[in-house]
Amino acid sequence: MIDDMRKLDSLVLKQAIRDLSSKDNTKSHRALLYLKSEDFSNLCKRLKIDSLGIIKSATTLLDYPLVSRKKIANKMAKEIDKSLLSK
């Protein structure tokens, strides 16, 4: 059960990062609001990861052109998987 919850939390985290890099401004804005929420902070605590580091890394995506944002978001998702698998 715990592993399933951790997997679900990691999927939510990765989707938030992907949504942040979306060309849909509404989706991107909602993802940004989520990253700044207490729910996101709690998710990071459950995953035992630094929420501020994730926020800082994820929000820098907004400085890149759309094509680059998508590639970087996918790389971030892969790094999250690697990081969480090692814990």
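Reader: What counts as a salt bridge here?
Author: A salt bridge is a side-chain nitrogen of Lys or Arg within 4 Å of a carboxyl oxygen of Asp or Glu. The model is predicted, so local features need pLDDT of at least 70 and side-chain atom pairs count only at pLDDT 80 or more, while totals for chains, interfaces and linings use all residues. Residues are numbered from 1 along each chain as its sequence is written, and side-chain values use heavy atoms, with hydrogens and water left out.

Reader: How many salt bridges does the structure hold?
Author: The structure holds 3. One of them joins Glu79 to Lys82, with the closest N and O atoms 3.5 Å apart.

Reader: Where do Glu79 and Lys82 lie?
Author: Both are in helix H5, 3 residues apart, about one turn of the helix; helices are DSSP runs (H or I, at least four residues) and strands likewise (E, at least two), numbered from the N terminus.

Reader: Is Lys82 buried or exposed?
Author: Lys82 counts as exposed because its relative accessibility is 54%; buried means under 20% relative accessible area, exposed over 50%, and partly exposed in between (1.4 Å probe, protein chains only). Glu79, at 47%, counts as partly exposed.

Reader: Which residue forms a salt bridge with Asp9?
Author: Arg46 does, the closest N and O atoms being 2.8 Å apart. Asp9 lies in helix H1 and Arg46 in helix H3 (residues 38–47), so the pair ties together parts 37 residues apart in sequence. Asp9 is buried at 5% relative accessibility, whereas Arg46 is partly exposed at 43%.
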